[in-house]
Amino acid sequence: ASDAGSRVARYPGGTPSNFWDWSCEHEACCTSKSLAPPSPRCENHGYRKCPPETWANFVNDRHRSARPETIIDLNVVQTNASYQMQGLQRFAAAGVPVKWVELGNELYDPRQNQGAWTDGVGYASSMQPYLQAVAAAFPDAHTAVVGSASDAAWNAAVLTNTTATAATIHFYTALDVAGINDTTVAARAPVLLGAAFDNAARIEQHAQATIPEHLRIWVTEFGHAGTAGWATGSIDGTWLEGLYSGAAAWLLLRVSRTDVVLPYCLVCGDPNAPAFTAGPPWGATPPGNTTGEVKWELTPRGAVLSQLMTAVASHHAAFGNSGTMQELAFSAITSTSTAASVLDHELGACGTAGVASAGPLLHSERTSTSCECEAFCKSMPECQAWQWIAASQAKDHTTCYLKNIVNMVPNSE
C-alpha cells in the first residue's frame, strides 16, 4: 500500500459495500439474515473478515507516518441508518477518523441496489436519514451520494437538493485494443493514448453540466475495459496500459472540484486492473495460505500511478489545500525590463539560498516562485538545499531543484 503511493483507501471497496456487514459476525462479512433481503444476499462478496479494528491496524500500525485517509462506503441497501452509525462509531473508537463517508456503490444499477428503488428519486429520499445521522454524529465529516458518469436524469434527481458535500462518479472507458502487437504498436499507441483525452473531456463536460457547482467530485473508481468485454489482453501488463492509466488519472485531476481519484484496483483478479502482481503462477490473486510469503511487485500500470500519486502527495504536503495543481500556462512577454523587474522582486522574496553544487538531485519541478521551491524543500525530510533558477534566458527558467548537500556555493541566480 505504501509503494502504491496512495493517501486514500476505500473500505470495504465497491460492490462488496452493498452486501457488507461492518461487524463481520455473520458468514465472514456478509450481511445478517435478519437485515438483508432473502435474495440476493452476499453473492460471494463477503471476503475475509475485516471489521473496524482490523482496518484500524492496517491504517495506523503499518502506516503511522503517512496514514491513509479512509473513505467508508456504507451498506445503504441491506441495512439502516441506525446500524450504519453504530459501525461509524466503532471505526472512530478503533482510531479510524470518520472524515469521508460514501453512501453506496453504483446504486443506479439494479444489480447493485437489489431492487431497493427504481430511480434516483427513490435513492435520494432513502439517503436522507443517513445524511442527517452522519451530520449529527460527525459534523466535520464529508459525505458523498452516488452520481452517474452518464445518466443526467439520475444526477438531476439525486444531486439537485442533496445535503451531501460531494457526488461520486465512476470513470471506466472502453478501449479498442484488437490487433495491437509488436508490429502495430507504434501506429496504434498514439490513438490509444489520445482516447484518454477524449474520454476525460467527455466526463468533465458531463460532470460540469449535471453535478451542481457547490458539490465536490469523488472519482471513487476508474479503469478501462475492452470494447467486447472486460479483458484488454493485448495491452494487459504493458507500459502502454500504464501510460494510458496515468494519462486518464492526470486528466481527472484537472477537474477543479475533484477531491479523490481512486484507480481500480490495488490487487484483484481482473487482469487489466491490478496495481500489483505476485508474478507466476498466481498473479494478483495468490491463495490465502501464502500470506507473507509472496513478493509483490508493481505492474507497469501500478508504477505509473504510484509516481503520479506520490507527486500529488508531495505537492499537497508543500502547499496544502491552498496550492492548486495547474497545467503550465505561457504568455508572451513584450517588455524585457518588466520581466527583469519581476524576476528581481521574486528573487528577493525568500532570500538567497545556498545550493549543492555536487549533491545528488532528489527532485525537480517547475514552480512559479522561489518561495514555492523553498516550501518544497521543507516538505521533504531528505532535502537539504534548494535552487530556483530564474534567469530569463535560461532553458530551465523557473525550475526548482531539490538536493542533498555536498559542497555549498552561493546562489548566483
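Trainee: Which strand does Trp 386 lie in?

Mentor: Trp 386 lies in strand S12, residues 385-389. Helices (H or I, at least four residues) and strands (E, at least two) are DSSP runs here, numbered from the N terminus.

Trainee: Before we go on, what sort of model is this?

Mentor: It's a predicted model: local features need pLDDT of at least 70, side-chain atom pairs count only at pLDDT 80 or more, and totals for chains, interfaces and linings use all residues. Residues are numbered from 1 along each chain as its sequence is written, and side-chain values use heavy atoms, with hydrogens and water left out.

Trainee: Back to Trp 386, then. Buried or exposed?

Mentor: Trp 386 is buried, with a relative accessible area of 9%. Buried means under 20% relative accessible area, exposed means over 50%, and partly exposed is in between (1.4 Å probe, protein chains only).

Trainee: Give me the overall picture. How many helices and strands are there in the chain?

Mentor: The chain has 10 helices and 14 strands. Of its 413 residues, 47% count as buried. Take the contacts (heavy atoms within 4.5 Å) between residues at least 6 apart in sequence: 69% of those join residues at least 24 apart.

Trainee: Let's talk strands. How many residues of S5 are buried?

Mentor: Eight of the 10 residues of S5 (residues 166-175) are buried, so the strand is largely enclosed by the rest of the structure.

Trainee: Which strands does S5 pair with?

Mentor: S4 (residues 142-146) pairs with S5 in the parallel sense over three bridges. S6 (residues 216-226) pairs with S5 in the parallel sense too, over 10 bridges. By pairing I mean that DSSP finds at least two bridges between the two strands.

Trainee: What do S5, H6 and S6 make?

Mentor: S5, helix H6 (residues 185-210) and S6 make a right-handed β-α-β unit. Right-handed means that, with the strands pointing away from the viewer, the path from the first strand over the helix to the second runs clockwise.

Trainee: You mentioned Phe 222. What lies over the face of its ring?

Mentor: Arg 301 does, at 5.9 Å from the ring centre. A charge sits over a ring if NZ of Lys or CZ of Arg is within 6 Å of the ring centre and within 35 degrees of the ring normal.

Trainee: Speaking of rings, how many aromatic pairs are there in the whole structure?

Mentor: A search of the whole structure finds 12. One of them is Tyr 11 with Phe 91: the ring centres are 5.0 Å apart and the planes at 75°, so the pair is edge-to-face. For Phe, Tyr and Trp (its six-membered ring), rings pair if their centres lie within 6.5 Å; planes under 30 degrees apart count as stacked, over 60 as edge-to-face and the rest as tilted.

Trainee: Where do those two residues lie?

Mentor: Tyr 11 is in strand S1 (residues 8-11) and Phe 91 in helix H2 (residues 81-94), so the pair ties together parts that are 80 residues apart in sequence. Both residues are buried. Ring pairs also link them with Trp 20, Trp 55 and Phe 58 into a cluster.

Trainee: What about Gln 84, where's that?

Mentor: Gln 84 is in helix H2, and it is buried, with a relative accessible area of 4%. Its side chain has a polar contact of 2.8 Å with the side chain of Thr 79. That term covers a pair of N or O atoms within 3.5 Å; within protein, one must be able to donate a hydrogen and the other to accept it, and residues adjacent in sequence count only if both atoms are side-chain atoms.

Trainee: Which peptide bonds are cis?

Mentor: The one from Tyr 11 to Pro 12 is cis, with omega near -5°, and so is the one from Tyr 264 to Cys 265, with omega near 10°. Pro 12 is in the loop between S1 and helix H1 (52-61).

Trainee: What about the phi of Cys 24?

Mentor: Cys 24 has a positive phi of about 55° although it is not a glycine. Cys 24 lies in the loop between S1 and H1 and is buried, with a relative accessible area of 3%.
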